[in-house]
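Here is a brisk report on one chain fold.

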Amino acid sequence: MSVPLRQQLTVGSYLIKQKLKGVKKYPLVLMLEPLFRCNLACAGCGKIDYPDEILNKRLSAQECLDAVDECDAPMVSIPGGEPLIHKEMPQIVEGIIARKKFVYLCTNALLLKKRIKDYKPSPYLTFSIHLDGNRERHDASVCQEGVFDQAVEAIKLALDKGFRVTVNCTLFQGETSEEVAEFLDYAMELGVEGVTIAPGFSYEHAPRQDVFIKGKETKELFRGIFRIGKKRKWKLNHSSLYLDFLAGNQNYDCTPWGNPTRNVFGWQKPCYLLADEGYASSFQELLDDTPWDKYGSVKNPKCANCMAHCGYEATAVEDTMAHPLKAFWAKIRGPKTEGAMVPEKTPEFAQTKASIKDIPVKIES
């Protein structure tokens, strides 16, 4: 795990406080979406399929900071859309840092070279730059040539200026373990702090649905990656048990309230990934009124193939707190890459086919 000690201690202290207070549902990372507008149109994105009147909406700096205060999570991730389009983004980031929250500013980096002067290096600020693989793979996933090279140039610039920089990598259909391993080697050569890596979620509104990895194929891919990684020194920005989950060795339910989302519509139910489930007007209303039991990979077909870190990292952190020795050994040995995977739960929403004996027959005398 590549997270600096200061951040580990802050988050660890926060987790212990929640446990001591007996809090059952608490946020770990606030997903703050101040806008949906983007300067790319990626094939696997479900965030830009809105009319212009929605894409032109913005959360104000004050609304963003109110959400940070209301939620009070120790970390804030700012995705989008493309956050650097937002004119008040420097003030938003500055306000979050002033609150001693760790902010990950997610960006495709096309505007970073132009806007980097608006920010100051801080242990509380990280530029999380999207790179979905090597040059060919990334440019194909964002549907535009030359984006990979611009992102790499921005990474080097940010590192030279003393900023914390991570890479956010989403894996899609057609990846090979060797290809991903080569990319992770390259990311380490760039000198980034770490890499966040996860399979893409099949957004209902994504322009293409054939790009997403599903089921056992995902776990086999990650086993192959981690098998190669046993001889490498990759810095992955995840807990050891989440990585073990990706390799099919942990059977987790998601913890959607661990990464609550505030966007231009309100507090999104139940999570960052499902767009049509409604919104709450406050964080407390989100906690109280969301039918949490309705969601999860075995309870809702919309969640069926999800292994995204925004749903399962919080679960892995909970498991780490409950079973620190298990987490320690997972960290020491790395994810298990051989042998049987944990059995998958049977989906509760699976429908059995009706047989002829199930058809009611009316007999008249």
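## Burial and ground rules

Buried means under 20% relative accessible area, exposed means over 50%, and partly exposed lies in between (1.4 Å probe, protein chains only). By that scale Glu175 is buried, at 12% relative accessibility.

The model is predicted: local features need pLDDT of at least 70, side-chain atom pairs count only at pLDDT 80 or more, and totals for chains, interfaces and linings use all residues. Residues are numbered from 1 along each chain as its sequence is written, and side-chain values use heavy atoms, with hydrogens and water left out.

## The sheet

Helices (H or I, at least four residues) and strands (E, at least two) are DSSP runs, numbered from the N terminus. Two strands pair if DSSP finds at least two bridges between them. Nine strands make an open sheet with mixed pairing, ordered β6-β5-β4-β3-β2-β1-β7-β8-β9. The edge strands β6 (194-199) and β9 (279-280) each have a single partner strand, so one side of each is left without a neighbour in the sheet.

Strand β7 (residues 261-263) pairs with β8 in the antiparallel sense, over three bridges. Arg262 has Trp267 of β8 as its bridge partner.

## Asn263

Asn263 sits in strand β7. Its relative accessibility is 0%, so Asn263 counts as buried. What does the Asn263 side chain meet in a polar contact? The partner is the side chain of Glu33, at 3.4 Å. A polar contact is a pair of N or O atoms within 3.5 Å; within protein, one must be able to donate a hydrogen and the other to accept it, and residues adjacent in sequence count only if both atoms are side-chain atoms. A polar atom of the Asn263 side chain also lies 2.9 Å from the backbone nitrogen of Phe265.

Leaving aside residues up to four places away in sequence, Asn263 touches Glu33, Phe36, Leu59, Gln268 and Tyr279. Contact here means heavy atoms within 4.5 Å.

## Aromatic rings

Rings of Phe, Tyr and Trp (its six-membered ring) pair if their centres lie within 6.5 Å; planes under 30 degrees apart count as stacked, over 60 as edge-to-face and the rest as tilted. The count by this rule is 16 aromatic pairs. In one of them, the ring centres of Trp267 and Phe283 are 5.4 Å apart with planes at 55°, so the pair is tilted. This pair links distant parts of the chain: Trp267 is in strand β8 (residues 266-268) and Phe283 in helix α11 (residues 283-289), 16 residues apart. Both Trp267 and Phe283 are buried.

Phe36, Tyr50, Phe265 and Tyr279 are joined into a cluster by ring pairs.

## Salt bridges

A salt bridge is a side-chain nitrogen of Lys or Arg within 4 Å of a carboxyl oxygen of Asp or Glu. The structure holds 17 salt bridges. Among them, Arg137 and Glu175 meet with their closest N and O atoms 3.4 Å apart. Arg137 lies in helix α6 (residues 135-141) and Glu175 in the loop between β5 (164-171) and α8 (177-190), so the pair ties together parts 38 residues apart in sequence. Salt bridges with shared partners join Arg137, Glu175 and Glu179 into one network.

Asp69 bridges to Arg99, with closest N and O atoms 2.7 Å apart. Asp69 is in helix α3 (residues 61-71) and Arg99 in the loop between α4 (89-98) and β3 (102-107), 30 residues apart. Asp69 is partly exposed at 41% relative accessibility, and Arg99 is partly exposed with a relative accessible area of 30%.
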